[in-house]
Every structure is written in C-alpha cells, then in structure tokens.
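Open the model in your viewer and keep the selection panel at hand. This tour moves from one residue to the whole chain, then to a second residue.

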Amino acid sequence: MVAKLLKGCRILIIEDDFYQAQDTRESLQQAGVEIVACRATIPDLDEILKRSKIDIALLDINLGDTRSFDFARSLDAKGIPCVFLTGYDVTVVPDDLNYAKFISKPAEASAVITALHQVHSEAPKASGGGGQQVKS
C-alpha cells in the first residue's frame, strides 16, 4: 500500500500538461505529500525556497520550448534531489544528472510514489549513482 508513504514530504512539481499535473498532484496528496508548488514553467527557485523547504522535485523534461535540465542542476546545487517524469527516453538525461530517478510516462501513481519514497529515504542523496529507470 502506497498511502501515506510520503507523509509530510514537501514536493515541487514541474509539469506543463495540465491534466498530468493535476492527476499527479492529487495522487501525491493522497500519499501524504505537501505540494510546495505545481508549475507549468520553470519557477524562481530562490522565491519558492523563501516560502518553503523542498524535499524533492518531480520534473517533466520537456516544458514547451525549454527543458528542465538546468533547473535540475540548480536543485542539485542546493542539495535538492529530483525525479524525472517524462515521455522521453532515459538516454536524453545528461551524464551529470544521471543520478536522478527516471520514470517513463505514462506512469502509474504507485510507480511515482515508490520512486519519490526511494529518493526521500536516501539521506543524503548520493550523486553519481547512475540514472535509475523506474518501471511503471
């Protein structure tokens, strides 16, 4: 059972598909997550961090005319792990971000919750662990 696996975990969602974002948000809230923000575009990370701590970021790779890799690097520089949830293949993830978990769309809510729980359980985050694709 995945319910409440992530109780109290603070997650930032970056997803440009409205329905995917809403479904993900609802599933994570049912698992006990506190959604820090749910955005369709890359936000100002420092502004978000002024209001709340982020435990994990869930990132779509393709956000219209941009990709989320630079944002993932900014998160990493602040010690915030990310999980990619995307329709792209794992091979598009740059080598310097290959430590991040990767979930292929479409993904079952349980696969997303399990991946986030695994990342949340790893303390501290170990960079360089190899891109770990999660089966959905």
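Select I56: is I56 buried or exposed? I56 is buried, because its relative accessible area is 0%, and the cut-off for buried is under 20%. Bear in mind that this is a predicted model.

Stay on I56 and show its strand. That is β3, residues 56-59. Now display the contacts of I56, leaving out residues up to four places away in sequence. Pick out C9, R10, I11 and L12 among them. The list also includes I80, P81, C82 and V83. L116, V119 and H120 touch I56 as well.

Zoom out and colour by secondary structure. Four helices and eight strands make up the chain's secondary structure. Starting at the N terminus, the order reads β-α-β-α-β-β-β-α-β-β-α-β.

Take contacts between residues at least 6 apart in sequence: 68% of them join residues at least 24 apart. Then switch to the surface. The chain has an accessible surface of about 7000 Å², and carbon and sulfur atoms hold 47% of that. Of its 136 residues, 41% count as buried.

Last stop: select T86. It sits in strand β6, which covers residues 82-86. T86 counts as buried because its relative accessibility is 0%. Which residues does T86 contact, leaving aside neighbours within four places in sequence? They are D60, I61, F102, I103, S104 and K105.

How values were computed: Residues are numbered from 1 along each chain as its sequence is written. This is a predicted model: local features need pLDDT of at least 70, side-chain atom pairs count only at pLDDT 80 or more; totals for chains, interfaces and linings use all residues. Side-chain values use heavy atoms; hydrogens and water are left out. Helices (H or I, at least four residues) and strands (E, at least two) are DSSP runs, numbered from the N terminus. Buried means under 20% relative accessible area, exposed over 50%, partly exposed in between (1.4 Å probe, protein chains only). Contact means heavy atoms within 4.5 Å. Accessible areas come from the Shrake-Rupley method with a 1.4 Å probe; for residues, only the protein chains shown count as cover.
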